[in-house]
Amino acid sequence: MRPLSLPALPVLLASFFLSACVSQPVIPEDTRYQATATAVPVDDHWQPQAVDDGVDNVWDRLLDNFSLQLDIDNPRLKLQRDWFIKHPTYINRVSQRAEPYIYYIAEQIEVRNMPGEVALLPIVESAFDPFAYSHGRASGVWQFIPSTGTYFGLKQDWWYDGRRDIRAATNAALDYLSNLANRFDGDWHLALAAYNSGGGTVSRAIRRNKEAGKPTDFWSLDLPKETKAYVPKLLALAQLLKYPEKYNIPFTPIDNTPFFAVVETGGQIDLAQIADMSDTDLEQIYRLNPGFNRWATHPDGPHQILVPVDKRHQLQQALVDLPPAKRLQWHRYTVKSGDNLQSIGRTYRTTIEVIKQANNLTGSTIRVGQTLLIPGALKNQEAYSQSLSQRLDRTRNQRQPGNTRKIAYTVRAGDSFWKIGRQYNVTSRDIAHWNGMAPGDPLRVGQQLTVWVPQDSKAPSRSAREEIRKVTYRVRSGDSLASIASRFRVTIADIRKWNPNDTRNKYLYPGQKLLLHVNVVH
């Protein structure tokens with residue numbers, strides 16, 4: 001895609017994610033169009049309402065609201081449709097992945113009187129993966145980039161990313177699409193193209209065609225390559241859904257009933273506690289609430305959680321009976337010589353700001369012997385398999401190139417992907433890819449990055465020399481193999497190799513001793 005200019009809000013461009021086109025909505029260059037948006041804010045007290053419309057399958061419910069022109073004979077559309085036909089398991093996979101979310105999306109589309117085909121857009125954007133993240137920094141099923149997410153009120157911080165919140169992001173995306181449809185006089189093909197490449201890109205293409213005396217419909221415009229495929233991909237999916245007998249690619253049926261309900265938590269709470277009290281698998285809690293980055297909800301809200309609809313009342317009652325002290329686990333930490341808030345935060349996988357807030361600290365100065373209260377997880381980190389840190393740990397290990405060794409790099413003041421890459425003779429894009437990041441993501445001092453270098457490569461600087469010593473480490477509450485490996489700049493495989501009898505079990509326990517071979521020169 002071509003970059004768009006917008007004062008104070010730079011817009012990054014789209015990329016393809018898996019086999020689906022991952023794009024990110026871009027902010028309207030001309031804010032006067034906001035006045036025509038049919039915005040419907042998220043209802044903080046929303047609860048699912050089953051609709052007795054005689055339709056059993058939610059895909060059929062969408063079909064009843066189809067309104068785009070689908071009887072189109074165009075080679076670009078046929079190309080996309082043929083790909084889906086050749087990959088029938090893909091349709092099955094993404095339609096199953098849509099099950100927790102599609103009823104809510106269908107409901108919100110009806111509220112706005114939007115075309116039912118719009119509900120298929122998350123397939124094009126993210127393959128309905130709530131954790132999808134593109135190298136263009138787009139996140140969530142609707143693939144918002146950070147600046148656009150902020151523009152549409154999607155909160156993003158260490159605890160929470162509203163771009164992945166199913167309700168918040170769906171409403172933001174539909175508001176933006178409605179805005180674009182108004183901008184282009186109800187032409188949804190143009191609105192969808194603008195969602196992918198930006199309203200300015202589409203408007204300029206229309207202007208060029210007008211000046212050349214050419215038609216200004218979507219199919220006649222000179223648009224970026226990704227956008228030329230983007231709209232046909234959505235229309236192809238709509239054709240497959242509308243004509244299953246013709247193409248023999250059925251979508252997996254999904255009951256036309258609410259999948260989740262909203263429960264008020266009354267404050268911050270551990271997600272594992274939610275899972276236990278609602279008899280729901282913790283991974284499913286994360287998939288219903290992918291906006292939460294960590295092991296708990298946000299201390300400042302949203303103080304709501306989504307659970308399977310049949311678990312709503314059970315969880316509500318359990319929350320009433322839950323003592324406040326059991327919402328989170330609090331660690332008492334006594335400051336030792338050499339400690340600072342950054343090192344303590346890294347040990348407990350939290351941030352300086354969280355520690356300061358929990359202890360009413362106005363600055364970062366701490367003293368030896370001081371006791372700090374640090375919020376921590378009720379279970380070992382491995383249990384929170386879909387938390388941001390665990391997903392990143394898996395990504396780093398899965399993306400190791402062959403015949404390489406790991407360098408655990410701690411970001412310093414003034415660092416950049418380019419500077420680190422130059423030090424280790426790798427590219428900025430490689431480092432971002434290995435760490436599940438985008439090349440444009442900001443780095444923060446103290447952040448841990450994984451760099452894979454050839455096995456036989458020489459140390460680039462004094463900081464990479466090795467002096468290995470044996471260390472006996474006593475496991476603390478909240479530790480995991482991943483956190484210990486990151487802290488001591490070793491791999492999980494190494495820890496298992498050094499402690500074959502002590503790491504056979506899935507979880508560690510406080511007080512357990514591990515032998516580590518640590519490089520003491522950094």
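These are my notebook entries on what I looked up in this predicted model.

**Ground rules**

I number residues from 1 along each chain as its sequence is written, and I use heavy atoms for side-chain values, leaving out hydrogens and water. The model is predicted, with local features needing pLDDT of at least 70 and side-chain atom pairs counting only at pLDDT 80 or more, while totals for chains, interfaces and linings use all residues.

**Overview**

I started with the secondary structure and got 21 helices and 10 strands. Helices here are DSSP runs of H or I with at least four residues, strands are E runs of at least two, and both are numbered from the N terminus. Next came burial: 56% of the 522 residues count as buried. For me, buried means under 20% relative accessible area, exposed means over 50%, and partly exposed is in between (1.4 Å probe, protein chains only). The protein exposes about 23,700 Å², with carbon and sulfur atoms supplying 49% of that; the areas are Shrake-Rupley with a 1.4 Å probe, and for residues only the protein chains shown count as cover. I then looked at contacts (heavy atoms within 4.5 Å). Among those between residues at least 6 apart in sequence, 72% join residues at least 24 apart.

**Cores**

I looked up the nonpolar cores, meaning sets of buried Ala, Val, Leu, Ile, Met, Phe, Trp, Tyr and Cys residues joined through side-chain atoms within 4.5 Å. The largest has 98 residues, and Leu120, Trp142, Leu177 and Tyr195 touch the most other members. Helix H7 (residues 166-183) gives the most to this core, with 10 residues. A second, separate core holds 15 residues, including Ile420, Ile431, Met437 and Val451. As background, nonpolar side chains tend to be buried together in soluble globular proteins.

**Helix H8**

At the start of H8, a side-chain oxygen of Asp187 comes within 3.1 Å of the backbone nitrogen of His189. Just after the helix, Gly198 has a positive phi of about 105°.

**Helix H14 and its cover**

Which residues of H14 (residues 312-321) are buried? I found Leu315, Ala318 and Leu319. They span an arc of only 100° around the axis, which puts them on the same side of H14; the arc is taken from the directions from the helix axis to the C-beta atoms. On the other side, His313, Val320 and Asp321 are exposed. The cover over the buried residues includes strand E3 (260-264), helix H12 (271-277) and strand E4 (304-308).

I checked the two strands in that cover. Four of the five residues of E3 are buried, so E3 is largely enclosed by the rest of the structure. E3 and E4 pair in the antiparallel sense over five bridges, where pairing requires at least two DSSP bridges between the strands. Ala261 has Val307 in E4 as its bridge partner.

**Strands E7 and E8**

I moved on to another antiparallel pair: E7 (residues 404-410) and E8 join over seven bridges. E8 (residues 448-454) is mostly covered, with six of its seven residues buried. The bridge partner of Ala408 in E8 is Thr450.

Most residues other than glycine have a negative phi, and most peptide bonds are trans, so I went looking for exceptions.

- Phe128 is not a glycine, yet has a positive phi of about 60°. It sits in the loop between helix H5 (121-126) and helix H6 (146-151), and at 0% relative accessibility it counts as buried.
- Asp279 has a positive phi near 50°. It is in the loop between H12 and H13, but at 54% relative accessibility it counts as exposed.
- The Gly301 to Pro302 peptide bond is cis, with omega near 10°. Pro302 is in the loop between helix H13 (282-288) and E4.

Tyr104 lies in helix H4 (residues 99-111) and counts as buried at 3% relative accessibility. Its C-alpha is 9.4 Å from that of Thr257, which is 153 residues apart along the chain.

Technical notes: Polar contact = N/O pair within 3.5 Å; in protein donor to acceptor, adjacent residues only side chain to side chain.
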